[in-house]
Structures are given as structure tokens and as C-alpha cells.
Amino acid sequence: MDLASLDLNLLVALRALLEERNVTRAGVRVGLSQPAMSAALARLRRHFSDDLLIRQGNRYELTPLGTALRAPAGNACAVLERLFTSRADFQPGAGQRDFTLLSSDYAIAVFGARLARVLHEEAPGVRLHFRHVPRDLVENPEALLSGVDGMLMPHGVISGMPAVELYRDEWVCLVSDEHPGAVTMDDLARLPWVVYQRTFDAPVTRQLTMLGLEPRVEVSVQSFQLLPALVAGTRRVALVQRRLAELLRGLAPVRTLPCPFEAVPLQEALWWHPVHTHDAAHRWLRETAARVAADLGDPPGE
């Protein structure tokens, strides 16, 4: 398709319509009158040969195509906003910029908080936004990363995107204080588990399938930091990153024990879409992230 023939203002209208699901509210959001927004919707319907929005009683619902277009429209607008706010250089002491990073609560606690402190000190005009990593990440990581500035994620989940290495960590078993002795492979097969999100959303639990062990999940939670509270006072077991376990030490009556198998170490990285590679502000963010990570040193206990 010839982009020169497209009215890119329709992209802004499309995002507002799909997110607001209301012509009047979408118009207010982008500064258009109700008749002008209705005209934009009519043009979009002709372009896509689809209604996009269908009235259901006193409200609108998205058509299947409208639902499919919602995320790409938001990502496309985010890419354009970053494109047209790019500058040849970036002065952190005076520059204004918003950065959005996808991350688990683990990476925010261990690394993101340190990064935010450095940005606070060195770049007061920078605002940092953390968003939870969606569960459908692996379905289309390129599209997902096109709408944000980056993602904090260990190797083994996605590939094919540029990344800067940050820090290493290792997995340990988390058990209640009452657990007798070491954790064995028999314990991992026999005891109930607490896992992050779904059973194999953490790379180390995927490794267990190659050992012929499928965890018997009793509780799942969308937060690594909640694992200690859900293990305490029970027979449950969880796998947790050593750096996070050290940060949470003393918050619950639990203890960490070595894994009874050779758990693959965790190598955390900052991943980004290639569209950001040559952006001066983004390059500064990556360099700052690498510097902050270098100060973390080796994982505790090494």
C-alpha cells in the first residue's frame, strides 16, 4: 500500500474509536467534533470494508476486525509519536522524555527500582512507566515491542530482537521454615507448588519438563514477590530468583534452599524493537541501564 495516499490522521481517529468505543468520547479525546469523528468513522469503514463499531442497545461493541485492530493501532501511534519526537542528541539533565518498559515485578524490584533512582538523579525530566508483561508475549513479540521502549526479560523467552545484557541471577527453592532438610527431586514431584502466572511462564519450570517432572500446581499468582507469602506455613514449594529472595528476606517465615537439579542461570536483558536503535534518547537509556546493571555485581552467595 502506498502510504502517501493515506491520511495518517485517520490512524489517530482509529485508535480513539477502538479504545473509547464511542464516537463522541473519541472526538473529545482527539479534539474533533462529533460530526467530524462520525465522518472519520465512515471513511475508516470504507477503507476496511467493515463496520468496526456496531451499536448494541445504548452502546457500541467492536467487530472481530475492530478487536484485532485495536492493539496494532495503539502500537502504530506509539511508534509515530516516538518517531516525530526523536532528536539528534539527548541531554539527560535538560531533556524531556517518557519511557515505557514491560517488566515482571521481579525485574522491577531487583533492577527497575535502581534504574528509576538513577533517572531521578540524572534526568529529572524523564518519566519512567512500567507495564506488566502480557501473557501472549511469545505470539508476536515484535509487534508488542514496537509500541513500547523495551522489555526487561531473561533469555529463553523471546529471540530475534536486539538486547543489552544486564545481570545474572540464579534460581533457588523456596519453602516454609518448617521444611525438613534439603529439597529433593522427589519433593518437587510430591509437594504442591506455587508458580508465577502459569506453570511454565518462568524458564526454569519449563526446564523441569525435560527432566520428566510436571509441577503439581496448587496456587498461581501474577507476582513473584507474593511467592513467599503463599509458601509460608504450608507444604508448598516455589522456585524464585536468588536476588529477589534476598530483597524479601524476613518478610515471611520461609527459607531458600539449593535446587536439586542444575537449574539454568537467569540472564536478564533489556530488549527493544529495532526502530529505537538509533534514537539518541533510547541509546542513552540503554547505556544507563547497562551502567546500573554493572553495579549489581554477582548474585548473592556466589
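**Close-up views of a predicted protein model**

**View 1. Asp187 in helix H7.** Asp187 lies in helix H7, which spans residues 185-190. The structure shown in this and every other view is a predicted model. With a relative accessible area of 7%, Asp187 counts as buried, because burial is assigned under 20%. When neighbours within four places in sequence are left aside, Asp187 is in contact with His179 and Ala182.

**View 2. The whole chain, for orientation.** The protein chain contains 11 helices and 12 strands. Its C-alpha atoms fill a box of roughly 70 × 50 × 30 Å, taken along the principal axes. Of the 302 residues in the protein chain, 46% are buried. The chain exposes about 15400 Å², and carbon and sulfur atoms supply 53% of that area. Considering contacts between residues at least 6 apart in sequence, 75% join residues at least 24 apart.

**View 3. The annotated segment, residues 6-63.** An unreviewed UniProt entry carries the annotation "domain: HTH lysR-type" for residues 6-63. Over these residues the chain is 60% helix and 14% strand.

**View 4. The crossing of helices H1 and H3.** Helix H1 comprises residues 9-20 and helix H3 comprises residues 34-48. The axes of the two helices come within 10 Å and cross at roughly 100°. H1 is therefore roughly perpendicular to H3, since angles of 65 to 115 degrees are placed in that class. On the H1 side, the residues that meet H3 are Leu10, Ala13, Leu14 and Leu17. Their partners in H3 are Met37, Ala40, Leu41, Arg43, Leu44 and Phe48. Sorted by class, the contact of H1 with H3 has 9 nonpolar residues, no polar residues and 1 charged residue.

**View 5. Thr24 in helix H2.** Thr24 is found in helix H2, which covers residues 23-30. Is this residue buried, exposed or partly exposed? Thr24 is partly exposed, because its relative accessible area of 44% falls between the limits of 20% and 50%. Along the chain, Thr24 and Gln91 are 67 residues apart, and their C-alpha atoms are separated by 40 Å.

**View 6. Ser49 and Leu52 in the loop between H3 and S1.** Ser49 is placed in the loop between H3 and strand S1 (53-56). Leu52 also has its place in the loop between H3 and S1. The phi angle of Ser49 is near 55°, a positive value in a residue other than glycine. Leu52, likewise not a glycine, has a positive phi of about 65°. Which of these residues is buried, and which is exposed? Ser49 is exposed, because its relative accessible area of 67% is over 50%. Leu52 is buried, because its relative accessible area of 1% is under 20%.

**View 7. Thr100 in strand S3.** Thr100 belongs to strand S3, which runs over residues 97-103. Thr100 counts as buried, because its relative accessibility of 13% is under 20%. Which residues does Thr100 touch, not counting those up to four places away in sequence? Thr100 touches Arg82, His129, Arg131, Val148, Asp149 and Gly150.

Technical notes. Residues numbered from 1 in each chain as written. Predicted model: local features only at pLDDT ≥ 70, side-chain atom pairs only at ≥ 80, totals over all residues. Heavy atoms only, no water. Axes fitted to C-alpha atoms, helices over the stretch in contact; angles between N-to-C directions. Helix = DSSP H or I, 4+ residues; strand = E, 2+ residues; numbered from the N terminus. Parallel < 35°, antiparallel > 145°, perpendicular 65-115°, else oblique. Contact = heavy atoms within 4.5 Å. Nonpolar A, V, L, I, M, F, W, Y, C, P; charged D, E, K, R; others polar. UniProt positions renumbered as here; feature names shortened; annotations may be inferred. Buried < 20%, exposed > 50% of the residue type's maximum accessible area, 1.4 Å probe, protein only. Areas by Shrake-Rupley, 256 points an atom, 1.4 Å probe, with all protein chains shown as cover.
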